[in-house]
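Let's take a walk through this structure together. Have the sequence and the 3D view ready, and follow along.

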Amino acid sequence: PRLVRHACRLMPDEASAMDAVQEAWISIARSLRRLDDPARFRAWAFRVVANKCADAVRQSVRLRRAHRDRVAPESGEPDASFDSFQEHM
């Protein structure tokens, strides 16, 4: 629950926060043996969640930019993919 609350503060919605925490737990499970000091687990787990949240936000930004570039090309010319779409109609 603490990791979920932490992710909810970092993410735009609860669903994406839950996804980030799930990804974090997978990462934690895979790399647990590399944790040198078990007393640092809590801080480490919070850092893993923060990193997964940052990864998700970066991915979301990349996807929005890619979508924006496809929908509204900067050249002012009609999108070539739209022309291709019309040819197949």
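**Cysteines, helices and one alanine**

Start with cysteine 8: its sulfur is 8.6 Å from the closest cysteine sulfur, the one in cysteine 53, and that is too far for a bond. A disulfide here is a pair of cysteine sulfur atoms within 2.5 Å. Search the whole structure and you get 0 disulfides.

A quick word on what you're looking at: this is a predicted model, where local features need pLDDT of at least 70 and side-chain atom pairs count only at pLDDT 80 or more, while totals for chains, interfaces and linings use all residues. Residues are numbered from 1 along each chain as its sequence is written, and side-chain values use heavy atoms, with hydrogens and water left out.

How exposed are those two cysteines? Cysteine 8 counts as partly exposed, at 34% relative accessibility, whereas cysteine 53 counts as buried, at 2%. (Buried means under 20% relative accessible area, exposed over 50%, and partly exposed in between, using a 1.4 Å probe and protein chains only.)

Cys53 belongs to the buried residues of helix H3, along with Trp44, Ala45, Val48 and Val49. Helices are DSSP runs of H or I with at least four residues, numbered from the N terminus. H3 covers residues 41-71, which is 31 residues, and reaches 45 Å from its first C-alpha to its last, close to the 45 Å expected at 1.5 Å a residue. That expected span is 1.5 Å times one less than the number of residues.

What covers the buried part of H3? The cover includes helix H1 (2-10) and helix H2 (14-31). Let's look at H2. H2 and H3 pack at an angle of about 130°, with their axes 8 Å apart. That makes H2 oblique to H3; angles under 35 degrees count as roughly parallel, over 145 as roughly antiparallel, 65 to 115 as roughly perpendicular, and the rest as oblique. Among the residues making the contact are Ala24, Trp25 and Ile28 of H2, and Trp44, Val48 and Cys53 of H3. Contact means heavy atoms within 4.5 Å.

Finally, zoom in on alanine 24, which lies in helix H2. Alanine 24 is buried, with a relative accessible area of 0%. Leaving aside its neighbours within four places in sequence, alanine 24 touches Val48, Val49 and Lys52. Alanine 24 and asparagine 51 sit 27 residues apart in sequence but 8.3 Å apart in space, C-alpha to C-alpha.

Notes:
Helix = DSSP H or I, 4+ residues; strand = E, 2+ residues; numbered from the N terminus. Axes fitted to C-alpha atoms, helices over the stretch in contact; angles between N-to-C directions.
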